[in-house]
Amino acid sequence: MSENRYYTIEQMEEATASLLENGKKVGADSWQQRAKNQSPHCGFGESGTCCRICSMGPCRITPKAPRGICGCDVHGIVARNYLRFTAGGSATHSDHGREICHTLHETREGGNYTVKDPEKLKRIAAEWGIEFEGKDIYDLAHEVAEVGLLEYGKPFGTQRFTKRAPEHTQKLWEEAEIMPRAIDREVSQSLHMTHMGCSSEPEALIRHSLRAGLSDGWGGSMMGTEFSDVLFGTPKPVDTTANIGVLEKDMVNIIVHGHDPSLSEMIVFYANDPEMIALAKSYGAKGINIAGVCCTANEVAMRHGIPMAGNFLSQENVVLTGVCEAIVVDVQCIFPALGPLSKCFHTKFITTSPIAQIPDSEFYRFSAETAGENAKAIVKMAVENFQNRNNDLICIPQQKTKATVGYSVEAIKTCLDGVTNSHVDTLGSTKPLVDVVKSGVLRGAVAMVGCNNPKVRPDTAHIELMKKLIANDIIVIVSGCSAQAAAKAGLLDKAAKELCGEGLKRVCELVDIPPVLHMGSCVDISRMMILASDIAKDWGINISQVPVVGCAPEWMSEKAVSIGNYVVATGIETFLGVDPYTKGSTEVTELLQGENGIKKWVEAKFVVETDMDKLCQKMIDCIEAKRAALGI
Ligand code: MSK
């Protein structure tokens, strides 16, 4: 296997083309073809001006028909659609967090799930006012998990983790009446507000969009992240490999795909079971190779160094190699297309969650109580499938990069402490980072997140933006499919410092980090919120003043809209490369993107720009403007 340091978009597209050719031999469908079939997209849907909330419609707004049958105008319709979009994302992320709370509640000494980071558990207990001294660690885990579960439906009060934000930010949330209460309440109220005959006033609907988003980012997602760390270990920098060439011709290949690490952790464990390895060898394989797709890839890469095969729009590619014995999924971002596609090959498509049941899959119900036996059965089934490969259909593009992943907030602070020896407390500080930003060695940071989307040439925006930003001494922190785009291109390799401006290059050398820092999966954008809060506190300024912006250049899911709402509501200007179906309303566009809307409430707004060069320049300008305002 040849290992290039970097791959260009063209090289990766060439690899995909060879896989699509392979698929043609067996009549495989592809998202590339389906995207063509769906073009052009419906103009009403794209501008957010179609309402099908009741059965009097659907109503579509045109110059001739400026109001729906109920009398709602275009601004109310667009804003209602936007809030529903947000609620879908908030519910999804938060339900992932809820599952993790349940897994934490299942921990037992010697059980399927144990507590791997007891110190983090104690820190959270202390933060939440739960006595931990002298308590059995599993009693404590169960107590914390129960309190976490109550965050979803508590009748009074607001999200506990919001206390982590700077006081100024909390004050803004209180004043704007967007401080998130119980998570389920914010989602439920979104549906109530948008029911026929309730809210049609855009400002009220956008305000609640921010609140529902905050209940995700500072509630459900944050619990998902924090308790995953308690369960599976807080990520530390670890080396891995990425891109489609991580699949191995002579091994049993099992792809884990989705989001919830409760499943993938168990699959990884049983893939290393000597009994399973011996079984694989008995079928003529050299061993068992696990690789990840989408956010599950991030979860297992940053805790075990498991290779990352690709991101959202690469999920069909892994099957098209003809060497994928099983693609095992849990929840979210799974193409139903994997059902018919896997039938064209020998691949077993295994669904495991009642939340994601998909035609043409084999359903192995996975639960925390029986996780071990479920995972072992899945691994065994994949191993036994090795014998069913068709050697004429094997096509593994030889593209593979090196990556260093796993920069949790704790890991970043540890790296910084290692440089300055200024270990101020057990968790370290962001002060050395603040100093290099103040001095101008680093100009600022971009938090690059989100999916890829056929509307944007896949991965191009992520990769090209990252290259330009690091060349301009702007460090990039990444999560979700943006992280895998970076990994596939080679930008998570420490050697990528050679692509940086002089300042960032110096920082990378000194701290021994790559210029693009991997922070994890979609729910781990909550880590970015904690980092931004800590930087603001260490610096003594507001989050909105820190030279940092958020960016989702190729986003596609409802979760991304929820994320956008909580990032912007945290005070971080957020740049989108795909319009969130709001361009049909001047009022909603002004509320989200103007100076007199959400910016007045939370000190940040959205910028939507589909031209990636312009998007990049706007981010750099925003960072420089923040620096100028600080006088640095
Ligand atoms: S997996 S939400 S395609 S980032 Fe989290 Fe990737 Fe977007 Fe899914």
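Visitor: Is Lys380 buried, exposed or partly exposed?

Guide: The model is predicted, and in it Lys380 is partly exposed, with a relative accessible area of 38%.

Visitor: With which residue does Lys380 form a salt bridge?

Guide: The partner of Lys380 is Glu384, and their closest N and O atoms are 3.1 Å apart. Glu384 is also partly exposed, because its relative accessible area is 26% and that class lies between the buried limit of 20% and the exposed limit of 50%.

Visitor: How are Lys380 and Glu384 placed in helix 15?

Guide: The two residues are four apart in helix 15 (residues 371-384), so about one helical turn separates them.

Visitor: How many salt bridges does the structure hold?

Guide: The count is 43 salt bridges. One of them joins the side chains of Lys120 and Glu410 at 2.8 Å, N to O. This pair links distant parts of the chain: Lys120 belongs to helix 5 (residues 118-127) and Glu410 to helix 16 (residues 409-420), 290 residues apart. Lys120 is buried, with a relative accessible area of 2%.

Visitor: Which residue forms a salt bridge with Arg164?

Guide: Glu226 does, with 2.9 Å between the closest N and O atoms. Here too distant parts of the chain are linked, as Arg164 lies in the loop between helix 6 (137-150) and helix 7 (167-175), while Glu226 lies in helix 9 (residues 202-232), 62 residues apart. Both residues, Arg164 and Glu226, are buried.

Visitor: Which residues are linked in a network of salt bridges?

Guide: The network includes Lys120 and Glu410, as well as Arg164 and Glu226. Among its other members are Arg123, Glu127, Asp229, Glu299, Arg303, Asp524 and Arg527.

Visitor: What describes two packed helices?

Guide: The description uses the angle between the axes and the distance between the axes. In this structure, the axes of helix 10 (residues 261-271) and helix 12 (residues 294-304) come within 10 Å and cross at roughly 50°. Helix 10 is therefore oblique to helix 12. The crossing of helix 10 past helix 12 is right-handed.

Visitor: Which residues form a nonpolar patch on the surface?

Guide: Met56, Ile69 and Met196 do, and together they have about 280 Å² of accessible area. Met56 sits in the loop between strand 1 (50-51) and strand 2 (59-60). Met56 is partly exposed, with a relative accessible area of 42%.

Methods. Residues numbered from 1 in each chain as written. Predicted model: local features only at pLDDT ≥ 70, side-chain atom pairs only at ≥ 80, totals over all residues. Heavy atoms only, no water. Patch = residues over 30% accessible without salt bridge, like charges linked within 9 Å, V, L, I, M, F, W, Y side chains within 5 Å. Areas by Shrake-Rupley, 256 points an atom, 1.4 Å probe, with all protein chains shown as cover. Salt bridge = Lys/Arg side-chain N within 4 Å of Asp/Glu carboxyl O. Buried < 20%, exposed > 50% of the residue type's maximum accessible area, 1.4 Å probe, protein only. Axes fitted to C-alpha atoms, helices over the stretch in contact; angles between N-to-C directions. Parallel < 35°, antiparallel > 145°, perpendicular 65-115°, else oblique. Left-handed = near helix turned anticlockwise from the far one by under 90°.
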